[in-house]
Amino acid sequence: MSAVTPAATTPAAPADAGPGHGLRVFLIWLPLAVIADLVIWFVWGPHLPPGAMSSSAANQQSDIKIMAVLAAPVMLFVITYFSYALIVWRQREGDTEDGPPLHGNTRVQASWITVTSAIVLSLFIFGTVELVSSNGAGAGEGPSPIWKPGGSPLQVQVIAQQWKFTYRYPQFGGFETTQLVLPEGQWVAFHVTSLDVIHSFWAYQLGVKADANPGVDNVAYTKPEHNGEFVVRCSELCGLWHGAMFDYGRVVSLPAFRSWAAATRVQLAAVTKVLPPYATTYDPTVVPQINKALAKAGIGGANGYYYPPQDPVQP
Amino acid sequence: MAIEIQPEKVQGPGGGEPGAARPARPWWLRPAVHTALAGAVIGYIVGHWLGNFLGSNYQQLPLSDSSDFPIVLGYLLAVVGWLAGLGVLNDPLRQMAGRPIPIEEEDAAAASGLARYFRYSLDHKVVGIQYLVGMIIYFCTAGLFAMAIRTELLSPVHHIFSSSTYVELVGEHGTMMMMLMTSVIVGPFGNFLVPLMIGSKRVAFPRIEALSFWLTPAAFLILFSGLMLGGFPFGWTGYAPLSIQAGPGADSYAIAFGLMGISIILAGFNIIVTVICYRAPGMRWSRLPIFVWSMLATSVLMVLAAPVLVGGMYMIITDRTVQTAFFADQLGGSSYLYQNLFWFFGHPEVYILALPGFGIVSEIIPVFCRKPLFGYKTAAAGMIGVTVLSFFVWQHHLFDSGINPDMRPLFMLTTELISIPTGFIYLVAMGTFWKAKIRFTVPMLFALGMYFNFLIGGISGVFLSDVPADTTEHGSFFVMAHFHYTIMGGLIFAFMAGIYYWLPKMMGIKLNQTLGKLHFWTMFIFFNSTFLPLFAVGMAGQPRRAFEYASNLQTVNDWVSISSFCLGGSILIFVINFVWSTVIVREREVGNPWQSRGLEWQVPSPPPPGNFERVPVVLSGPYEYGTPGAPPVADLHPPAGVVSAAYAGNQTAGAEA
């Protein structure tokens, strides 16, 4: 209820100077704020992005919902106050007098500062608790994360380069594929890195976003909760075809994932042998090697390059 | 030891001793824009040749006959040629050589004609008008790029522009807006009005002030010329491995942004010294107009933040030309270094873009509420608080980057703390509106629009400060909508308020108020219908700067695009009004049309040369509306000797203390 207090104190304080303007603003504002908050919580809240496909997505959804519930009364209060002022305190036709010379009101100013500080500090505590309790909230945590789930999560390496993502599964022999398949109900650790410029791995429905920096292993955690398809987009401008750098991943049941991983491991065994050994980061000079390897496996582009080095045609 | 005190000597505007009159020359031989352009062309050719000569063994760019080195040297010498052609260097070189500086010839064209606006003028009022027209041109150019971006986004798959043209448009729009609009209020209104508002006859450093303006067209033209070199594919942020990898258009980005950095350092430096040292007697800190406070705070940000940008741009240039490795991971550099440098400048910069807007609206509302500004000290404290805190928040742009992950709670705290001083601006406004006598003039409408838009922009910023929520919002259209609400909805609305409010003062001409109201309502409605849906678009997962998006978002994207064209039409109404009122109709407005108590309104419009006949003595604050028996704001004709006596008194007091 901290959002209600600022509004309650601020207009009420200067009310002694007039015929209940503060009370009127408060009475107009209160039902509006209550209705807005109820609508946000019960009607809009369950549909707020990014949904609840994974633990981090659900965590972000609840953060956005709670902040919306806090923000709506504040916004409505300012808008109600200004609307009231513009209607009631217009200068009438023929009136040339000035308004009352009020230079300030210590009580109003002090309570405003107290209330806004209280809101801000509680938001900070709330945000920090949410960040820590959700194991990093799906955001990139750098090479040595301090907030991480227990046990041994599934390792998935995301290798970004202009203008594609590929994925390596080190726990399954380190094969590299363009398909992102994840098991349901298991913690996943994304190790995001880049071979050229800065990209950002954004699995929208999973609520995961981690920048792909060359030479950096950026780790993000999430736990997929529902089967289905999700979209992966690059969300850091990375050059010419940034706008077309997207693909799709899917969350499947644990047995389906195991059989997919085993099958892909066998299928790509020849490629995996040519690939550089799994590492958290790669030297960019391995790109030609990967291209050669993928061409050998028959999944290369027209001239043997999976990632054309320059002047790409439209994907 | 006695200090030798010399009697005050007549000084030229540059501070040197006056010499003989400059010989009268025909107009085409006088330094002005055309000689500057000639100097720039010559400078570019010489620089390009020199670069090829010195760096003949450097790796050549693909599809080009040169490397980056001659292009960079060409741009740098073009800037020197531009300034030399303007005559910027004449007097300083004479001074260095110990020769007297000739005084300006007193011909009519130099003193009052249109020609002085195309010259290196040392009059702060001329510089203010130059900035005003320049900023409107830059804003409209960059706005056209925005409309081109929206044209491409009409369809999720069908491409009007090639992907390379699209990223060029994105880069040019973003960079032009973000680098040139830093001066959109400090330039025109800061330079023109601060001396008038503090009761000074001049600014502290007229040469530095004029130089700061004349660097902006150079930066604008250089950035624009990047299109001829293939543009740059990295938006306005220029993140490092990409900006090192990019083609020669990236040189234009780095040089132009660096130049603009120098320009805002110079502009800020001049305003800081002017405000501190050139206040009239009686203009205490507690009587300083709130707009001057905002200019002072902005200038401090400019002077302290922009050097970091200049350093970053310098490193990009050396990485690109002479193969240093500041940002190359394999060679011991770091791409994080650039992100840190850029945002250490970049976040104070967004407050460089916010504070002047706060200043203008806070200055305007007491006039049209006919009430004193509520909580004057709170307003000034809010601005100082924002200034200080803005240096401690920059890593919130890097929450997902993997840099200092354990510091994220700290940056979340500082970012949320900055909403407290920003909230003061709303407290001040709401207190001022309490029982006011509100007059709905065009400047007041724009000020109200600013409060509405910035409220949405500010609240959405709180969502972005929360790390979990930011994970979804970062890099999406949500961020883009957020900063357009604060910059376009805040700064540009305040800029428009300032134009409608102060143009009668600056030019002695009133803009058409009917067209002004039409401009406001169209701009307010179409601004909101353009950017409000973009919050939803971003939340639905559309990344910024991408030309392909999910097909189910096409309807809302089309709505946004059409609104943005209408928004462009609204700006066109403004341009028509501006040209119509100032060139064709020229309705004179010499008095004080808003019945303002501001000191700047106590002199005739446009202000005479030298602003005040005598240095005024300020008697009371600028916002004493409705105060019975409030003294006039200043005595414009203090009896001879009063000012010097006041100074003498101060000196004695200082000596005793």
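Start with helix 19 and helix 20 of chain B, whose crossing is left-handed. To bring the pair up, select residues 477-507 for helix 19 of chain B and residues 513-539 for helix 20 of chain B. This is a predicted model, so treat everything on this tour as a computed picture. The two axes come within 8 Å and cross at roughly 170°. With an angle over 145 counting as roughly antiparallel, helix 19 of chain B and helix 20 of chain B are therefore roughly antiparallel to each other.

Now show the side chains between them. From helix 19 of chain B, pick residues including B:F477, B:F478, B:M480, B:H484, B:Y485, B:M488 and B:Y500. On the facing side, helix 20 of chain B brings B:G516, B:F527, B:F531, B:L534, B:F535, B:V537, B:G538 and B:M539.

**Next stop: helix 13**

Zoom in on B:P356, B:G357, B:I360, B:V361 and B:I364, which belong to helix 13 of chain B. They meet B:G490, B:L491, B:A494, B:A497, B:G498 and B:Y501 in helix 19 of chain B. The class count for this contact is eight nonpolar, three polar and no charged residues.

**Zoom out to the domains of chain B**

Color 119-585 as domain 1 of chain B and 599-656 as domain 2 of chain B. Their centres, taken over C-alpha atoms, are separated by 34 Å. Where they touch, 24 residues of domain 1 of chain B are in contact with 24 residues of domain 2 of chain B. Helix 19 of chain B turns up again on the domain 1 side, where it and helix 7 (186-198) of chain B are the elements giving two or more residues. That side of domain 1 divides into 15 nonpolar, three polar and six charged residues.

Before moving on, color chain B by confidence. The average pLDDT is 89, and 91% of the residues score at least 70. Then select residues 652-657 of chain B, where pLDDT is below 50 and the stretch has zero contacts in the model beyond near neighbours in sequence. Where pLDDT is low, the predicted coordinates should not be read in detail.

**Bring in chain A**

Show both chains and select the residues that touch: 75 from chain B and 78 from chain A. On the chain B side, elements that each supply at least two residues include helix 6 (163-180), helix 14 (376-389) and helix 17 (442-465). Which helix of chain B gives the largest share? Select helix 16 of chain B, which supplies eight residues; its range is 419-433. By class, the chain B side has 40 nonpolar, 21 polar and 14 charged residues. For the complex, the predictor gives an ipTM of 0.89 and a pTM of 0.91.

Finish inside chain A. Color 4-86 + 111-133 as domain 1 of chain A and 154-296 as domain 2 of chain A. Their contact takes 10 residues from domain 1 of chain A and 12 residues from domain 2 of chain A. On the domain 1 side, look for four nonpolar and six polar residues, with no charged ones.

Methods
Residues numbered from 1 in each chain as written. Chains lettered and ligands numbered in written order. Predicted model: local features only at pLDDT ≥ 70, side-chain atom pairs only at ≥ 80, totals over all residues. Axes fitted to C-alpha atoms, helices over the stretch in contact; angles between N-to-C directions. Helix = DSSP H or I, 4+ residues; strand = E, 2+ residues; numbered from the N terminus. Parallel < 35°, antiparallel > 145°, perpendicular 65-115°, else oblique. Left-handed = near helix turned anticlockwise from the far one by under 90°. Contact = placed C-beta atoms within 7 Å. Nonpolar A, V, L, I, M, F, W, Y, C, P; charged D, E, K, R; others polar. pLDDT = per-residue confidence, 0-100. Domains from an automatic or database assignment.
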